[in-house]
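Please read it with the structure open.

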Amino acid sequence: MIHESGHPLIKSLVNHLRDIRIDALRFRHLVMEITSLLAYEALTEAPLVQREIPTWQGDYNATLIDEEKLLFATILRAGMPMLEGLERLFAHVPCGFLAMRRDEETKESILYYDRIPPCEGKTVMLADVMVATGGSLSDAIDLIKAKNPARIVTLNIIGAPEGLAHIIRKHPDVDIFIAQIDEKLNADKFILPGLGDAGDRSYNTT
Ligand code: PRP
């Protein structure tokens, strides 16, 4: 199921990302902040746990998000600032990494690095900036599903309807929390109006 944010703060920050005058530092910072806001929306059904915590008034029985049931994952490299946005919220959640690149001829994603820890029983929050054709995200979901998580939630900044339709078709059981669904893909499979190449914009490459 797709959950597109309707929040003006998120929409506004995404539009700042479109501005090509911002530098890589500001770009990564905005990606990180938007991800924290997406996590806020995605964690309304988070697994909870009761814990006794020592406070200035003695022990207190607190309700907390159960970090032991969470796992964060991202796709290099544009997803790195997204992961940072999640790590800032939770100190104890394991993080996994996938590296994929798009074959410029076929436009298909090619996996070249896989460090996803065991996912059994976990809610996996998979962060990737863009859903263009949906190939990378769909392949990443396949890899994570093979590790038997309890649930997969994706966090995405921007997507094209074509790519999102592909994900929903292949993975109807996955919840997609996305900041902005844009208009379409161009002939080169870039999102329009989009952000350009988020990896390049994050790390000053072309
Ligand atoms: C981007 C983006 C996604 C992928 C989306 O990564 O971060 O992972 O493209 O495209 P798709 O939906 O058509 O698969 P990119 O390949 O540009 O790598 P990068 O993050 O290293 O720049």
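1. Asparagine 148 sits in the loop that runs between H4 and strand E8 (151-159). The model is a predicted one. The phi angle of asparagine 148 is near 55 degrees, a positive value in a residue other than glycine. Most residues other than glycine have a negative phi. Asparagine 148 has a relative accessibility of 46%, so it counts as partly exposed.

2. Asparagine 204 belongs to the segment after H6. With a relative accessible area of 66%, asparagine 204 is exposed, because the cut-off for that class is over 50%.

3. The bond from leucine 76 to arginine 77 is cis, with omega near 0 degrees, and arginine 77 is in the loop between E4 and helix H3 (80-87). Leucine 192 and proline 193 are also joined by a cis peptide bond, where omega is about -5 degrees. Proline 193 is placed in the loop between strand E11 (191-192) and H6. Most peptide bonds are trans.

4. Is aspartate 182 buried or exposed? Its relative accessible area is 6%, so aspartate 182 is buried, the cut-off being under 20%. Aspartate 182 lies in the loop between strand E9 (175-181) and strand E10 (184-185). Its side chain makes a polar contact, at 2.8 Å, with the side chain of arginine 18. Beyond neighbours within four places in sequence, the residues in contact with aspartate 182 include Ile158, Gly159 and Pro161, and also Ile191, Leu192, Pro193 and Gly194.

5. Valine 14 is part of helix H1 (residues 8-18). Its relative accessibility is 0%, so valine 14 counts as buried. Leaving aside neighbours within four places in sequence, valine 14 is in contact with Ile34, Ile157, Ile158, Ala179, Gln180 and Leu195. Valine 14 and valine 31 are 17 residues apart in sequence, and their C-alpha atoms are 8.3 Å apart in space.

6. The largest pocket holds about 730 Å³ of space. Its lining is made of 33 residues, and those nearest its centre are Met100, Arg101, Arg102, Met130 and Asp197. Two or more lining residues come from each of strand E4 (70-76), strand E5 (95-102), strand E6 (109-115), strand E7 (123-131), helix H4 (135-145) and helix H6 (198-203). Which element gives the most to this lining? E7 does, with four residues. By type, the lining divides into 14 nonpolar, nine polar and ten charged residues.

7. For the chain as a whole, there are six helices and eleven strands. The radius of gyration is 17 Å, close to the 17 Å given by the globule rule for 206 residues, so the chain is as compact as a globular protein of that length. The C-alpha trace spans about 60 × 40 × 30 Å along its principal axes. Of the 206 residues, 46% are buried. Among contacts between residues at least 6 apart in sequence, 62% join residues at least 24 apart.

Technical notes. Residues are numbered from 1 along each chain as its sequence is written. This is a predicted model: local features need pLDDT of at least 70, side-chain atom pairs count only at pLDDT 80 or more; totals for chains, interfaces and linings use all residues. Side-chain values use heavy atoms; hydrogens and water are left out. Buried means under 20% relative accessible area, exposed over 50%, partly exposed in between (1.4 Å probe, protein chains only). A polar contact is a pair of N or O atoms within 3.5 Å; within protein, one must be able to donate a hydrogen and the other to accept it, and residues adjacent in sequence count only if both atoms are side-chain atoms. Contact means heavy atoms within 4.5 Å. On a 1 Å grid over the protein atoms alone, a cavity is a set of points where a 1.4 Å probe fits but cannot get out, and a pocket is an open set with protein on both sides within 12 Å along at least five of seven lines; lining residues have an atom within 4 Å of a point. Grid points are joined across faces, edges and corners, and a volume is the space filled by probe spheres set on the points. Ala, Val, Leu, Ile, Met, Phe, Trp, Tyr, Cys and Pro count as nonpolar, Asp, Glu, Lys and Arg as charged, and the others, Gly among them, as polar. The radius of gyration is taken over C-alpha atoms; the globule rule is 2.2 Å times the number of residues to the power 0.38.
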